[in-house]
Amino acid sequence: MEKLLSPSLLSANFGNLGADIALINSSEADWLHIDIMDGVFVPNISFGFPVLKYVSQLSTKPLDVHLMIVEPDKFIPEVKALGAKIMNVHYEACTHLHRTIQRIHDAEMLAGVTLNPHTPIELLKDIICDVDLVLLMSVNPGFGGQKFITNTYDKILRLRKLIEASGSKALIQVDGGVNLENAAQLYETGADCLVAGNAIFNSDNMIETIHAFKETTI
Ligand code: DX5
Ligand code: ZN
């Protein structure tokens, strides 16, 4: 199975986003991960749609949009207008998750559902066949540069079993504290796509670091 990598723009230099996006464009990264925060669902605010309009024009990588916001349904048209490949909403933020997933599909985007570290994967049993991707948070969402929560390995194994038992085609994505020390084990355990912010944007050579992620093996 292909090992996908989605650098998180949250750790980029916001004073020179164009330069960092150009580097990502010329790298082996598969997608560009966009973290949208509202200061309500998570205790931080990142960037909004006026900034992302320019990001989407500059990026040649498919956008993987992770919404850490309440009532994400409200912003389906805005995410669609970015040309996003994936719209990813939090399980904990959606009272009517099935309807939200349907609306994302109606907008012709892939639908992802994200679980916070405390949310058991078993809660996905009745929605797993409707989603295209499950994002497991391996830190509490809101900030880059946090320490990886090791219980994530067990969650990947349980999610893989659920996916196989149900016949779902969902990809498994992991986000938070991912680096070159744990990437190989995460892919080996069953992650299809890793998100990495700090480990890429604060490395000495982003292109080489991304190459190292793509080549990593146990
Ligand atoms: C955190 C975000 C992550 C963040 C990851 O709430 O969802 O995408 O950018 O950053 P690192 O890789 O630095 O933990
Ligand atoms: Zn994220």
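Which residues is His118 in contact with, leaving aside its neighbours within four places in sequence? I looked, and found Glu92 and Lys155. For contact I took heavy atoms within 4.5 Å.

**Ground rules**

I am working with a predicted model, where local features need pLDDT of at least 70, side-chain atom pairs count only at pLDDT 80 or more, and totals for chains, interfaces and linings use all residues. Residues are numbered from 1 along each chain as its sequence is written, chains are lettered from A and ligands numbered from 1 in the order in which they are written, and side-chain values use heavy atoms, with hydrogens and water left out.

**Entry: His118**

I placed His118 in the loop between S5 and strand S6 (133–137). Strands (E, at least two residues) and helices (H or I, at least four) are DSSP runs, numbered from the N terminus. His118 counts as exposed because its relative accessibility is 62%. I used these cut-offs: buried is under 20% relative accessible area, exposed is over 50%, and partly exposed is in between (1.4 Å probe, protein chains only). I also checked His118 against Val139: they are 21 residues apart along the chain, and their C-alpha atoms are separated by 9.9 Å.

**Entry: the zinc ion**

Next I asked myself which residues are the protein donors of the zinc ion (ligand 2). Donors here are N, O and S atoms within 2.8 Å of the metal (3.2 Å for Na, K and Ca); water is not among the atoms, so sites may look incomplete.

I wrote the spacing of the donor residues in sequence as H-x1-D-x30-H-x108-D. His66 sits in strand S3 (residues 63–68) and Asp175 in strand S7 (residues 171–175), so this pair ties together parts that are 109 residues apart in sequence. I found both His66 and Asp175 buried.

Then I looked at the angles. The six donor atoms around the zinc ion (ligand 2) subtend 71 to 168°, which makes the arrangement octahedral. The rule I followed: six donors count as octahedral, and four as square planar, if opposite donors are over 155 degrees apart and all others between 65 and 115; four count as tetrahedral if all angles lie between 85 and 135 degrees; anything else is irregular.

**Entry: H1 and H2**

How do I describe two packed helices? I use the angle between their axes and the distance between the axes. For helix H1 (residues 17–25) and helix H2 (residues 49–58), the axes come within 10 Å and cross at roughly 35°. Axes are lines fitted to C-alpha atoms, for helices over the stretch in contact, and angles run from 0 to 180 degrees between N-to-C directions.

From H1, I listed Leu17, Gly18, Ile21 and Asn25, which meet Val51, Val55 and Leu58 of H2. I sorted the residues of this contact into five nonpolar, two polar and no charged. In this sorting Ala, Val, Leu, Ile, Met, Phe, Trp, Tyr, Cys and Pro are nonpolar, Asp, Glu, Lys and Arg are charged, and the others, Gly among them, are polar.

Most residues other than glycine have a negative phi, and I went looking for exceptions. Glu71 is not a glycine, yet its phi is positive, about 50°. I found Glu71 in the loop between S3 and helix H3 (76–81), and it is partly exposed because its relative accessibility is 47%. Glu108 also has a positive phi, about 60°, without being a glycine. Its place is the loop between helix H4 (97–106) and strand S5 (110–115), and Glu108 counts as exposed at 68%.

**Entry: some strand residues**

Is Ser6 buried or exposed? At 0% relative accessibility I put Ser6 down as buried. Ser6 belongs to strand S1 (residues 4–7). Residues up to four places away in sequence aside, Ser6 touches several others, including Trp31, His33 and Cys193.

Val89, in strand S4 (residues 86–90), is also buried at 0%. Among the contacts I noted for Val89, beyond four places in sequence, are Leu67, Pro72 and Ile104.

Leu63 lies in strand S3 and is buried at 5%. I noted 9.4 Å from C-alpha to C-alpha between Leu63 and Asp30, which are 33 residues apart in sequence.

Last one: Leu110 in strand S5 is partly exposed at 34%. Beyond four places in sequence, Leu110 touches Lys85, Ile86, Met87, Ile104 and Asp132.
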